[in-house]
Amino acid sequence: MMWGCKLVTSFLLGLAVLLAPAPTPWSASASAQSVSPTVAVRSAEHSGYSRIVFDIRGRYRHQTTIENNRLIMRFDRPVLFNFDRLGRVPLANVGVPVQRVDNGKQIIEFAVPEGATLRQFNSGTSLVIDVLAPGEEARAVAAVTGQPIGGTAPDTATGIAPEPGGNAAASGAEIQPAPGRAANGAASGAQQAIVIPEPDPLATVPDFPGGDGGEGADFTVTYEVIQGLPQLSFDWAYPVAAAAFLRAGYLWVVFDEPARADLSAVTPYLNDRLLSAEQIPNLEATLLRFRIAEAAGLQAMKQGSRWTVSVRNAPMDPNKSIMLARQETNDDGTRIFIPLDRPGSKLRLYDPEVGDEILVVPLIGSGVGIPRSRRFAQFEVLASAQGLVMQSYSDQIVITRFSNGVAIGSVANLALSAPQLSGRIGEVAGNGTVVDARRIIELDKWRLGDLSSFTARKQQLFRALANDERSNINNRRWDLARFYLGHRMASEALAFLNLMIEEDPTLSESPPFLAVRGVSLFRLGRLEGARQDLFESRLDAETDIYLWRAMVAEASGNPQEALQLYERGREILDLYDDLAKADFQLVATRAALDIGRIDFANWELAWLRRQPLTEYQRAEDDYLEGRFLLLMGEIPEAMAYFDGVDERANRRAAALAKFALANSSFERGEISAEDATEEMEQLRYSWRGDLFELTLLETLGNIYLENGEYRHGLETLRDAVTNFPAGERGRAIAGRMSREFRDLFLGADADNLPPISALALYYDFRELTPLGADGDQMIRRLTDRLVSVDLLDRAADLLDHQVRFRLEGAAQALIATRLAKIHLLNNAPDKAMEIIRLTRQSKLPLDIVNQRVLVEARVLTQLNRFEEADVLLADAVGAEVVPLRADIYWGAQDWVKTAAITGSILGTRWNNLAAPLSEQERTYLIRSAIAYSMLGDRQALAVLRARYLDAMQSGRFANAFDIMTSPEQRSSARIRKVARETAAVDSLQSFMVAYRNEFLQGAPTTVSMAN
């Protein structure tokens, strides 16, 4: 038995023992020595009784009884049962099985109705148990056997022949029924009372009469003619595996569930193309035969639980072809392995037309067959539209069914000719050499000895390379590449592989070459290249390649995929030496812990504890033990394991353990964030280049961010994304960074970050600025904060980039207006005019047009282009227009218009001087005084003085107002001097305050589309 099988079966039995009531302890070591292979159990429901079939292989005794409404089966030793198929069809007379081990015996119990009786018999190597409902059916069976049904059945055995001259049934000796005949070599009446002889395969069986009527049928067969050709459909109530093939003029359709087919919808339509339809009795499966005229091929398809088989004039062309791969066995023999997804039961069928036996393995996948027959010396794999069909020419053939395929071997070595073999390096290299595909990666063999002989072996291989003919140089390179890989010198191995591919590019299609190159790339950490080679479909037939695929998947951060691949390949695990086997188990354990498969990890760790590990592997195992205990809540024990990892033996495992210690302590609140980050920072360079570094950086960055150290957090996460850009985790970290960056500038606490720090973070991580409205809003909010602290140049740079490269249309025009205001605040009217002109557009919403006109007029005023500014305001509206015109007239020294507009602005303010004058009102008063003075209007000055002198006695412009409105005659030069001094102070004041307040208050920047 292979190690992988032991692992699965022992685990299932252990699980069964845990679930069973009041179990007796039974050790794993005992199970490994005494447990039989897993026994599949299936069921069917019939009129009056429920049937359970045990597909038994191996030697054992058993006894079956009904006690207190319980069907009890006792086996003389532990046996593993797989009840997965038992629940497909509800059983009226049989309940859910409960199994346990008691004093070394396997016991199974089923609840049965009161008064139920049983019958049991052997069908081939299968044990059939029928539980009959009370009443007529039970009495009818009793009448057939001549004995009462029920009570206790004596020991029945299966698996070996009875002792010569002994009464096997009466004594409880082990019995092996002859192939195809009943197991009723007993003489005692008790044995005959419960054992019904198995029917001849061609005889009528009441369970599956194959009649035309539909009464009691389990599924219906329907018939159609599609383009003149027959098409048959089989409507099951649940999905079943199927096989469909042509043989000797018959279409065979085989299902791996025993059931009765209703053929009444087919028989009325029998014609010259479909000549006959029948069901062949069988206790293990459903066998249907249809005689077909002139059929060249078939097509099989499954939709839900319905199978459809169509007859075709074209050759067989299944949707997915079955692959056959040669494999070498441990005893230097050869077998053929056929990879299959969830193969059904292995069925031996008698073909009455040909008069021989064939083996059929139905498949659950739709349209999985083999287009052409493949003949070997001792057997032939027949063409099929669905399923695996095989004809044996030798009694020596052995067929083994695995969870991922079927192996065909023999007691002696298979006689396989070279042209029938796949997976040969010689086919590519041209020398006819056949390479072992049983275990396509054989590092132990390729090493050609231990390290003590390394130099001698290497020199020998190089001499062979130097002395061989040019035509054979690639085979010598191949020997060297595998030799180096066997010694874990992947760089050297890859160098020779690259030379080989340069010499012969077609090697890229060779499965062995792809496998060796893929492992070399994996050893070098080049995971993408390793995945490309090792996951090539040409390698799907190689069972051990799934173990290497699991290594790549786990190293790439896909633990779920890694575990699935490992489980597909571990049946072959026992062919590797202990050290290589431990490497695979350690990978599987890491993957199981990553996805929370604690039961699986526990089992693998239990095996690893008993394995001879290197110091490097032992350190890794100690770390994984700590992780397991941590998940189980055993904190002190876990910490002790982490503490004990030997750094000298395994630096990576030691780094992982230290990280786990720090992270676990931080999560439990035993150390502060500062202490945790300090310890993790020391680990950043202890081991680099794989997923540990990514995990460390991600955890460290998250702790920094959660504790407000935004720069450290973002820098650390950026290192993680830079070093590991590919994969889901890298993308997830990049997403976390973008969200954190956005919240720093748009979140509820965005204003808590000082403007200088915000600006520095923005420039350092501006690549994280989100696209679209969020990014634009982020920049505008940061701009407002920069304006608030007079960082006008920085604010202008931010908006300038936004206007030139991020925006267009109305949004661009609006933000350009804000940028022009910042330039004005920064006393750069030329730049303001440039951006206004750069963003001019023909069609804009009216409110944006109005804003741009006001700002442009202000720019023109600052550029002393007063007449243009005045004309531009002709159609402008809003409260800003009049103050802006006042600034234009003042700047143009148009004293008449200045006096008029300031007078209109002040109005009758002199009537209400209880409230102090504002700074803006004082500005307009001094402007009025200057304008009247320049015009020589003494009367207007007198009125102005009379109305506002008291209000202007103190505060800004008090002295200037007194001088300008004094009744004393002032020279024109004095008036102009005061006017210039006043203008120097006042020229930008009227709009600077308003603009700055607009930024401080975060004035809305949304675009109105109103016309």
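**Close-up views of a predicted model**

View 1. β27 (residues 379-381) and β28 (residues 388-392) run antiparallel. Three bridges join them. Across the pair, glutamate 380 stands opposite glutamine 391 of β28.

**View 2. Packing of helices α10 and α11.** Two packed helices are described by the angle between their axes and the distance between the axes. Helix α10 spans residues 490-503 and helix α11 residues 511-523. They pack at an angle of about 140°, and their axes lie 9 Å apart. That angle makes α10 oblique to α11. The crossing of α10 past α11 is left-handed. From α10, the contact uses Ala490, Ala493, Leu494, Leu497, Met500 and Ile501. From α11, Phe513, Val516, Arg517, Ser520, Leu521 and Arg523 take part. Nine of the contact residues are nonpolar, one is polar and two are charged.

**View 3. A salt bridge between aspartate 130 and arginine 119.** Side chains of opposite charge can pair when their charged atoms come close. Here the side chains of aspartate 130 and arginine 119 meet at 2.6 Å, N to O. The pair links distant parts of the chain, eleven residues apart. Aspartate 130 lies in strand β9 (residues 126-132), and arginine 119 in strand β8 (residues 117-123). The whole structure holds 52 salt bridges.

Definitions and conventions:
Residues are numbered from 1 along each chain as its sequence is written. This is a predicted model: local features need pLDDT of at least 70, side-chain atom pairs count only at pLDDT 80 or more; totals for chains, interfaces and linings use all residues. Side-chain values use heavy atoms; hydrogens and water are left out. Axes are lines fitted to C-alpha atoms, for helices over the stretch in contact, and angles run from 0 to 180 degrees between N-to-C directions. Helices (H or I, at least four residues) and strands (E, at least two) are DSSP runs, numbered from the N terminus. Angles under 35 degrees count as roughly parallel, over 145 as roughly antiparallel, 65 to 115 as roughly perpendicular and the rest as oblique. A crossing is left-handed if the near helix is turned anticlockwise from the far one by less than a right angle, and right-handed if clockwise. Contact means heavy atoms within 4.5 Å. Ala, Val, Leu, Ile, Met, Phe, Trp, Tyr, Cys and Pro count as nonpolar, Asp, Glu, Lys and Arg as charged, and the others, Gly among them, as polar. Two strands pair if DSSP finds at least two bridges between them. A salt bridge is a side-chain nitrogen of Lys or Arg within 4 Å of a carboxyl oxygen of Asp or Glu.
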